[in-house]
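Hello,

Here is the structure I promised to hand over. My notes follow it.

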Amino acid sequence: MYTRQRQRPRARAGVNRRQGTLACLMLLPAVTGLSVFVLWPLARSIYLSFYQWNFYTDNVFVGWKNFADVLGDPKFAASVIRGLLFTAMVVPLQLLIAFAFASVARSVGPRMAGALKMTIYIPTVVSTVIASLIFVVIYQFSGGVANWLVGLAGAEPQAWLGDAAWALRAMTVPTIWIGLGLTSLIMLAGMLDVPESYYDSARLDGAGWIRQQIYITLPLMKNVFLYLLITGFTVTIQQFEIPLVMTSGGPADSTLLPNLLIFRHFRYDDNVGFSVAAAILLFAVIGSISALVFRLLRSEKATDA
Amino acid sequence: MAATSWSRAVKPRKWALSGSKTAVACLFIVATLFPLVWMGLSGFKAKNEVTRTPFRFLPEVWLWENYLQVLQDPAFVRAMAFTLLASTLFALGSLVVNSMAAYVFARLEFPFKRAIWAVVISTMFIPSMTILLTSFLVVNELRMVNTIWVLVLPGMASASQIFFIRQFYLGIPTAIEEAALIDGAGPFRVFAHVFVPMSKGIFVVSGMTMFLAMWNSYVWPVLTITESDLTVIQQFLALFRGARSTEYGLLMAGSTLALIPVLIIFFAFQRQIVQGARLSGFK
Amino acid sequence: MGNHLRHRTAIGLGATLLLGLGVAACGTDEQPTGKDGNSGGSGEVQTITFWQSQFYGLEDEWYASRVADFNATHADIQVEYEVIPSDAWDQKLKAAQAAGTAPDVYTRAYNTLMALARSQSIRPLDDLLSESAWQDLEASVEKMVIVDGQHYAYPVLVEPSMVLWYRSDLFEQAGLDPDDPPTDWDGLIEVAERLKGAATDAPLAMPQRVEDLAWSTWGLQYSSADHLPLAGDWSAAQADDPAYKSLLDMYRALYADGLIPPQALDEYTAYAPYGEGKVAMMANGSWAAAGLLSDYPEIAELTRVAKFPSASGDDQSPTASLGGWTLVIDGRTESADAAGAFVEWMVAGEADPLVKYFADTSYSKFPARQSVNLAIGDTDEAAQVNPWRSLIASDVVPYSIAEPVYDWSVSLAFAGAIEAAMQGQASDEALRRAQEEITGIVDQLGIAGQGPE
């Protein structure tokens, strides 16, 4: 754009205005969609969070009571921390596996690479509910594949979903499995974009594989990582269908992730105030952590329009 | 041909290295596909054989009944067709809407751009649970409940997809469009004639993501669709999970059958996904 | 080439959109009109909506054919009928209520009636159903649908939430007498110890997941402490009663000794694990009879039933709650008369269709109405079909408690204490936490003093 402006400085104002109109037109569908189906419902949720509402009797304004109730509920704070812990277990591992996958796919022959790319995407096709059911059966105590494998390795069988120490960890597997396809493909896309000549010259300088990754691949893929980190974080901390199907939040709340707690309140409470207020507080948590990640990994392109 | 030139460069140690890499690749494939293969096989098992102790990988007797029963159910076929339609509309619509927005944010200048971008990006972090109920109230007021639009329209504009496509557009060198601009083409023509043709790969990835999001959605259709003619596939499958017994055989058979159209679409676009990966300007 | 591609894409897109519009248009036409039903004009057809929570096999078929019969015999009222998967039920109804599009008539369990009635989500039925319909109800069941002096639901059935099902063959193999099942919790643990190894997974199946524990252990909670964890008038939590320790200790012992599976085999209500021979005994409701008879006839042959053991061994101490289903009418319905007529015809009128309902479910459930009870009692069929029925009717039903009507979160809180005990927490500590949580719930909801007693 700016080349053109430099060439014809007098036309600048006109071009800008024309560009502004066009920009508005092209943005209109997205902005309308987000306004009607995201921002407007959000505004109404915020409004509702100050009321006691059971749908059949009049709304009663209760001020900050719903928020106070949520913050005063130790289960909510615990579930948010648990959600962050779950994210910390899932996202780095997912990125690591995706990175390994992309590295392998990049370096094997084209046939094998094609097969890999196709396979990795396939689990994405399965719905979360079905995947959870598959893993419930895999994690069965006797007769489950997981304990069969553990037995082959000579270890004791585990109550993967019945033991509070294991349940959340057991859930990382289906979570990673479902999300791996897209993460890997995007990772591979970024990796294939790094010019081969960079590696060639690094090899001439005697840099090994690990050094090549640290000094060439990682810096050049910063934006890919940022994108995958942010989307991985927001998706994973919101996960609730997997614990809902596999354990309904137990045993002893060990898999009660924040969205599952909110969903439970939404389903069973007589008033929706608590669940709406809790959901807004969760938004605040996710929003501020994401903003922090953006800032830490400060990427010019990502933060500046 | 990054892969081939690489392997040419490492001729020494070639066998051991390429052998171990192939082994790792095979491990990836087996680990990833195992649950799915197992699901498909479970569709051939008798009602409670799936959860029987001890674990058996293959069915004791190969039963076709589950697959046949699902296939012969007109509700299954209808749910598949309807979900296919809704998912296709959703994916195509989202590509149009989000790619235009992505282009605008990547290339055009207009007032309040940064503020609008900040608002758009912030919607990415709104948990679906925060607006589940109020979104339902909105679509109900718009009289969209029990129509296809309640599935297609609400999630179509997506901040994460705008962000995703915009990252790609930012990586396209400005030199590419300068020629068109000097020829007097307006920004929209630049978008339509320069950017869109270059976006095949990224569109396939973004489109597939959105398609699958719709195909696999359950919580939202459960709220908004009551009409049995407009039941989506995940609602249909949920009926095999009764309160008192899960029909594992039927559920697994149904889930396997539900994969097939998606896999066909996936394989049809497979080359684009592979090529698209290479075109990506995700720098 | 690029141009060609674009044209093709554009045509394809256009065609798909048109197709979509078509489908959507069909959808709009068929939108339920229950809420706009003109109740005034005579001769006009009123449409009402009826949502049924998904039950099991023949039960669902019974509802479907009943609705079809109703529509065939009523020219002036037509019912739009939907079966909602059980895991979708709560959120779907909630959203519909919020939007003012709740169904006119729907199925509902006893324990939520009071909250629904007090929030005016459902309406009283006294003026809609005939006097004789109310008089026909068994007194004990009628009490469960009355809130603040008015009838808010019409009950269909009751079923005890927990009895002990066990395999006589495995008892004999272990040197146990099938005619002498355990009566108290120590006895249960002892028998379970003896049955170790008799089945593939564990001797006994019990409710283990929090959402199952919350409701299925109401009877056991009552058995251990003679009251529930929240006082009858909801004024104070009483979960810290040391008497509850016996229940938590039993669960801890069962879990720690591997007498129940290390993780739940299935939902509590599922009978498949028992039918598949994974356990030798199971705690399950009376409804399990229907599934065992139809899916596992050979196992059913060998199966005996007993009242679930109580804390003290007293055979009159309740160990089950009476649950079941009712029909309710939405508080904002504009077709109250039509909805009332439908409810009366469905479940409060002739006895014969209901007799068929109980026959279809292998007489595993118990009627809420005297006339239906009489009609079933007149035949020997019930006892022939369901060999366990008479024992459950005489030993369990009379000593079962009504479901508590307090907020579900209270039940979840106490279930959490049982879970914590299984995970090894000391009973004192687990009960103290439940007490704290329930006290917090009472404060937060402001329900102190609003309970029924």
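**Where chain A meets chain C**

In this predicted model, 36 residues of chain A are in contact with 31 residues of chain C; contact means heavy atoms within 4.5 Å. The two chains bury about 3000 Å² between them, 48% of it on carbon and sulfur atoms. Buried area is the accessible area (1.4 Å probe) that two parts lose on being put together, summed over both.

Two salt bridges are counted between chain A and chain C. The term stands for a side-chain nitrogen of Lys or Arg within 4 Å of a carboxyl oxygen of Asp or Glu. One salt bridge joins A:R264 to C:E211, with the closest N and O atoms 3.5 Å apart.

On the chain A side that touches chain C, helix 3 (65–72), helix 12 (241–246) and helix 13 (258–268) each give two or more residues. Helix 13 of chain A gives the largest share, five residues. Helices here are DSSP runs (H or I, at least four residues), numbered from the N terminus.

**Domains of chain A**

Chain A has domain 1 (2–48) and domain 2 (72–297), with bounds from an automatic or database domain assignment. Their centres, taken over C-alpha atoms, lie 34 Å apart.

**Reading the numbers**

Residues are numbered from 1 along each chain as its sequence is written, and chains are lettered from A and ligands numbered from 1 in the order in which they are written. Local features need pLDDT of at least 70, side-chain atom pairs count only at pLDDT 80 or more, and totals for chains, interfaces and linings use all residues, while side-chain values use heavy atoms, with hydrogens and water left out.

Best wishes
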